Amino acid sequence: MPPAKALLTKTRFQLRGTRRVLLEQSRFKVLFITVFALLFEGLLCLVFHDAFRFLNSFGGAGLMMIGRLFALFFLGLGMMLTVSGIVTSYSSLFGSDEIPFLLVRPFSMSTITVYKFIQAAGFASWAFFFVVLPFISAYAWHQRLSPLFVLWTLLFSIPFLFLFAGFGTLAILLAVRWLPRSPRIRNTLLGIGGLLLAAGLFLADPPTAALSDTQFNVTSLIPGLRLAAHPLSPSFWIAEGITSLTHGDTSRGLLFFAALLSSALLTGLVIERVGARTFYDAWQRSSAGSARAHRRPVLLPVLRHLRGLLPSDIAAIITKDIRTFFRDPVQWSQAVVFFGLLALYFFNLRRFNYNLLPDQWRSAIVFLNVFAVSAVLSSLGSRFVYPQLSLEGHSFWLLVLSPATIPRIMAAKFLLAFAATATVSVTLIAVSVNMLGTGPAINAAAIAVIAAVSLSVCGLSTGLGAVFIDLEQRNPAAIVSSFGGTLNIVLCLGYMLAVILPFGVLFHLREIGILDTHTFRNGLAAASAWLLLLTLAATLLPLLFGLRSLYRRLPVKPNKATCPRNNN
Amino acid sequence: MIEIQNLCKTYGALRALDNLSLTIRPGELFCFLGPNGAGKTTTIKILTGLVRATSGRALVNGTDIQHDPIAIKRQIGYIPDTPYLYERLTVTEFFRFYGELFDIPEPRIAEELERNFTRFGLLEHRGALVKELSHGLRQRLIYATTFLHNPRIMLIDEPFVGLDPYTIRLIKDLLRTHTREGGTILLTTHILAIAEDIADRVGIIHRGRLVALGTPEELHRKHGGDSLEDLFLKLTRPDGA
């Protein structure tokens with residue numbers, strides 16, 4: 001099959017080209033990223049190990065949790081892989097410039113689909129292994145397992161990765177081919193599908209069953225545990241297979257490996273068949289959708305009012321950015337997936353009876369939730385806010401030569417990002433504290449912290465996006481993974497830890513009775529001052545550096561404060 | 001040979017092609033002229049299978065690409081206005097990849113590589129990554145590779161945009177040689193002088209309909225001595241102009 005062989009050769013050449021590009025990068029940059037990645041992995045391993053020790057300290061229930069946590073961990077990763085498979089398969093099957101190239105060359109539709117599926121699984125794999133490695137290392141360390149355990153896990157992970165990423169590819173192929181074009185019918189069907197899925201998960205993982213008290217408590221505290229440990233669940237196969245092989249039960253281990261491998265191969269076969277039958281039609285549908293003669297203006301009635309509220313140039317830039325965002329499914333789908341999963345979890349806090357937990361647990365959960373939302377904010381800030389100035393690309397001259405000054409262009413970008421992220425994140429944390437039923441002081445602190453994180457993430461991402469602006473680069477992934485993008489996410493994560501930890505620790509120490517009221521109040525005042533100071537620095541300094549950098553770099557020097565006027 | 005019969009393509013309410021019929025014979029270089037959005041690229045995309053026609057037929061050597069896509073793709077060479085190239089492949093690697101794609105034996109790939117790279121001035125760039133090439137060099141690379149599998153039918157969208165006079169001459173010679181050897185070429189261009197220079201026949205398309213068809217001389221005679229430019233402007237005048 002020469003075309004498939006040619007694709008393999010091309011991939012080999014591309015990897016060689018990528019290595020060459022990497023070698024041409026600054027050594028400091030490569031060293032910085034490598035050291036940071038290793039430190040991150042090491043720290044994550046320590047955190048996981050500490051968590052295992054913590055669970056161990058509970059005795060029976062904790063030990064039961066550790067045993068099942070392995071299966072649950074893989075179920076969670078599997079779900080993430082499926083979501084990632086949906087997003088990456090959509091962009092590589094329907095949004096890639098490579099597809100028209102392949103379509104006019106002698107490839108069968110099934111070859112193109114399978115090639116793009118493997119590519120999408122490959123994209124998803126680095127993040128998968130980045131999380132898997134520290135977790136299994138910590139698990140092996142805690143359980144004093146042989147180093148072979150890590151090796152077996154990596155071996156089992158490959159079919160597991162293809163299996164779950166394959167579900168995502170299949171879902172997106174069928175959705176693009178068969179989902180009705182009418183937004184009303186499509187949204188109704190998606191809503192019904194979502195409800196059915198939620199009902200299915202609820203039935204597969206009921207909160208009560210004929211369990212012992214300890215088992216009941218464990219399953220009610222950790223959602224999805226029963227589903228993860230179900231004998232027909234791939235997460236059970238991988239957990240059982242790895243532990244069997246590690247403990248020398250080779251035949252049982254290989255049985256589970258065979259189950260995983262055959263399921264992954266079957267998924268590949270189904271993708272090939274479905275691709276052969278549906279990909280061309282799906283691609284035609286998706287291309288026809290992007291060639292509509294009349295496109296509905298996005299959020300027009302709402303955006304019209306912006307002109308009255310804001311100066312017209314800022315309103316124009318904000319309107320353009322909102323429309324661009326909503327017309328790129330890859331962008332908004334990622335935001336919806338991340339925030340949607342968090343919203344789903346927060347709205348279900350009471351179903352898991354977290355509101356009945358002791359005060360010190362609920363206070364810890366509040367700040368863990370703030371941490372989770374902040375981590376998503378940092379990730380989305382780096383993914384969408386940081387590259388937005390660079391992505392203006394060759395059109396940037398249009399903005400620079402317009403009467404909109406550079407500070408106003410940056411203000412428009414910053415304000416839009418802040419308004420959007422603050423609205424979503426503050427709402428999410430408000431839902432979380434409401435569901436947990438925590439007191440007014442902790443609620444106010446959590447909301448203040450998340451608002452400050454939104455502000456700083458947007459300030460850092462807009463400012464550093466201007467400092468490291470790259471108008472030649474059209475690929476957002478390349479901009480995000482550049483030195484500036486990496487520095488941005490490191491600073492966002494560092495800032496986030498620096499402001500959440502003091503509040504989390506203070507409230508926790510008060511709840512367990514270590515701090516008296518007077519000391520707690522003083523500590524809270526100091527933490528608030530620290531939050532204010534750090535937020536101002538993390539927001540304003542990058543924006544100022546960004547402005548200076550843009551003035552220095554741009555070949556055309558527009559006026560700094562006033563609009564240029566034609567004197568002729 | 002290309003045969004287009006009553007071809008229609010609609011995008012919602014927009015009619016991109018309206019009952020277009022046309023035959024391009026072997027050994028003929030046919031130039032498709034028309035204002036932006038007239039339907040030129042849509043026609044080429046239907047012939048390549050990138051777009052499916054709403055109705056009508058588009059046959060390449062007697063076969064509809066929808067019926068036997070892989071066989072037809074082996075017979076055509078398509079060069080879009082902004083071709084996709086793998087940025088992280090070197091010039092030589094891209095050429096070899098293309099050869100393998102069409103199952104061309106290795107010795108012939110090596111032989112053609114030497115010949116084409118010399119002809120297109122790519123020898124000194126053979127080790128460079130595609131991302132490091134200028135627009136003109138990228139265009140030369142795509143021409144060098146697209147002719148590798150000896151396609152009988154060439155479909156070219158805007159071949160001369162942003163090229164220097166040397167490259168334009170190179171491509172014009174290449175296209176003339178291809179038709180002399182019995183190949184068929186359908187190309188679109190906005191440069192009317194080039195169309196007059198190289199085309200065996202010219203078709204002017206406006207709003208998806210063929211409004212003029214013939215050799216440059218025939219069109220000149222038929223329309224009272226108008227130059228191709230005058231004729232083009234007369235036939236494709238926007239409403240109210």
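Predicted model: local features only at pLDDT ≥ 70, side-chain atom pairs only at ≥ 80, totals over all residues.
Helices (H or I, at least four residues) and strands (E, at least two) are DSSP runs, numbered from the N terminus.

- On one side of strand 8 of chain B, Thr184(B), Leu186(B) and Thr188(B) are buried.

**Pairing** (at least two DSSP bridges between two strands)
- Strand 3 (residues 29–33) of chain B pairs with strand 8 of chain B in the parallel sense over 4 bridges, and Phe30(B) has Leu186(B) as its bridge partner.
- Strand 7 (residues 153–157) of chain B runs parallel to strand 8 of chain B, joined by 5 bridges.
- Met154(B) stands opposite Ile185(B), and Leu155(B) has Leu186(B) as its bridge partner.

**The sheet**
- In chain B, 6 strands form an open sheet with mixed pairing, in the order 6-7-8-3-9-10.
- Strand 6 (76–79) and strand 10 (209–214) of chain B are the edge strands, each pairing on one side only.

**Helix 6**
- Helix 6 (residues 165–180) of chain B packs on the sheet, touching strand 3, strand 7 and strand 8 of chain B (contact means heavy atoms within 4.5 Å).

**Basis**
- Residues are numbered from 1 along each chain as its sequence is written, and chains are lettered from A and ligands numbered from 1 in the order in which they are written.
- Local features need pLDDT of at least 70, side-chain atom pairs count only at pLDDT 80 or more, and totals for chains, interfaces and linings use all residues, while side-chain values use heavy atoms, with hydrogens and water left out.

How values were computed:
Buried < 20%, exposed > 50% of the residue type's maximum accessible area, 1.4 Å probe, protein only. Axes fitted to C-alpha atoms, helices over the stretch in contact; angles between N-to-C directions.
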